[in-house]
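Visitor: Could you walk me through one strand and its surroundings, and after that the contact between two chains?
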Amino acid sequence: MRRLYLILSEGRLMARTEKVLSAKEAVERFMKDGCFVAIGGMHMHNNTMALIREVIRQNVGIGRLITSPSGSVNADMLIGAGLVDELYCAYVGMEHLGLAPNFRKFAESGKLKVRECDEAFVTFTLRAGASSMPFIPLPRGLEATSVPSMNEEDYRWTSDPFGGEKVACLPALQPDVALVHCQKADEYGNAIFEGSKFNDFLMIKASDKVILQVEEVVPHEYILENAMRVDVPAFLVDAVVNTPFGCHPTASHRYYRYDEGHIKEYLGACKEDFDAYLDRYVRGPKDNEEYLEVIGGREKAKELMEGGVPW
Amino acid sequence: MVEVKTAELMASVLSKHLEDGDVAIMGAFSAIPMLASRLAQMTHAPNLTYIAGGSGAVNPLLEPLVASSCDDRLLKAEAVLPLSDVIDFEARTEIDIFFAGGLQIDKRGNCNLLGIGKPGEIKFRGPGSVGLPFLSRARRFAIYSMNHSTRTFVEKVDFISGPGFVDGKDFPGGGPSLVVTPICVMDFDEERMQLKSVHPGVSVDDVVQNTGFELRIPDDVPQTGLPTEEELELMREIDPLGVARNSL
């Protein structure tokens, strides 16, 4: 108390570091070639597409990629750009819209190394990583599947030191960097998920560096007034990238829905000329603002919120 | 009476398989199981709990039913949980009924979402095993398939994503209990898939021709019971956009 008083009385209250960066700056600063990357969101919702597009612009190679657990356009686009060496695969697909064409092509040709897993793997390895457990044993059941035999690197067997039974174990994973979408954050990185939280907070806790892509930067006072709703405290966050409509063509929960027409265009382009797609929508526009112009402007967001917020 | 669409017939069959007090869970691409669950709550299982996959939504009201299992419209619900909590329920054997599917399904109820081929030589890469490995920890599971062909219903799956009945393994789960396809309903006898009923306009021989293994056929195979008019009306209320209805 005495120390705090002294600091205040001498007028030495220091300004906090603001973490708002452009996508370009954040990717340059926190993503190194060959890094281990975790990407948040689920299916075609809350994918950090503005960051993904920037990774492709900067041509940053990804040594290992993990999705949380259901990857969609985010993983498929990085794979299609030839940037991913290895993928922890619980699911990559477009749900009712079909399979993920680049993922299929690269996995079938052997260009992508698939580390076979499931959603429990993603959850438990990140849970172990988040609390620095050396490894984590799994509940029984997995041994009846083909998954562990397809990925002997990541599944090991030991005996339960209490009961003696054979149990499967997973390593603790601590990705170098997590790319996660939150709808709101202040300039320091205190953030709120306005919809589903998915596995994204677990991913944030497990990862060394965290880049948050947000729909809007809110005043710090908003965070103080809503502390009970804050999901991510600022000290875990390294960069806040303010890119309204940055999840397009996927959804940002309660802000806009996924763009089915664009995802279908993407799926078609994967089968024909994926490079042309990347040139038009990814490498051509220099940032998300220019990307929005290419897809028809912010009016598009209004179209994608037809029916409004669900309550 | 209005025409019954095949997807509605499948949803009504799955709905009847749900019991009051069950906790049900479904994953990606689950418009039909979601429709079935909401219908069950409205007709005979008011205490059914259902969890809409990755969205983490518990008992979504489906106003209206939507196609994606993670859509924000599902968050109009009783609770919305982080996915890691949902995985805990699956691991803890809190789930009474899991809805499953596969690129391949075999006579013992094993499901494959991993791919077609052999280890190291996958010719057709599937999306991945997602939640299916925990089928072995659900009290029972129902398989629904959007097609019924010899390519889907095979003697033995190339890879096991979700285990059906497994020899010599003592898992907490009870195994597969029902299979619903666009042409028939099947269940299990002595841990082998057997025909239970055929949908209107389908013969037993049609099912046999489209199944890649020797299906057990009981002496008496009835026609699948149609949804009542009340059930149909409720389904059209839940699914005004035809998301499930027109998915086949």
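Visitor: How do strand 13 of chain A and strand 14 of chain A pair, and over how many bridges?
Guide: In this predicted model, strand 13 of chain A and strand 14 (residues 239-242) of chain A run parallel, with four bridges between them; strands (E, at least two residues) and helices (H or I, at least four) are DSSP runs numbered from the N terminus, and two strands pair if DSSP finds at least two bridges between them.
Visitor: What's the bridge partner of A:Gln213 there?
Guide: A:Val241 in strand 14 of chain A is the partner of A:Gln213.
Visitor: And strand 11 of chain A, in which sense does it pair with strand 13 of chain A?
Guide: Strand 11 (residues 177-185) of chain A also pairs with strand 13 of chain A in the parallel sense, over eight bridges, and A:Ala178 stands opposite A:Val210 of strand 13.
Visitor: Is strand 13 of chain A mostly covered or exposed?
Guide: Strand 13 (residues 209-217) of chain A is mostly covered, with seven of its nine residues buried, where buried means that 20 or more other C-beta atoms, placed from the backbone, lie within 10 Å of the residue's own.
Visitor: Switching topic, how many residues of chain B are in contact with chain A?
Guide: 40 residues of chain B are in contact with 45 residues of chain A, contact being C-beta atoms, placed from the backbone, within 7 Å.
Visitor: Which element of chain B supplies the largest share?
Guide: Helix 3 of chain B does, with four residues.
Visitor: Anything on numbering and confidence?
Guide: Residues are numbered from 1 along each chain as its sequence is written, and chains are lettered from A and ligands numbered from 1 in the order in which they are written. As the model is predicted, local features need pLDDT of at least 70 and side-chain atom pairs count only at pLDDT 80 or more, whereas totals for chains, interfaces and linings use all residues.

Technical notes: A residue is buried if 20 or more other C-beta atoms lie within 10 Å of its own, exposed if 12 or fewer, and partly exposed in between; C-beta atoms are placed from the backbone. Two residues are in contact if their C-beta atoms, placed from the backbone, lie within 7 Å.
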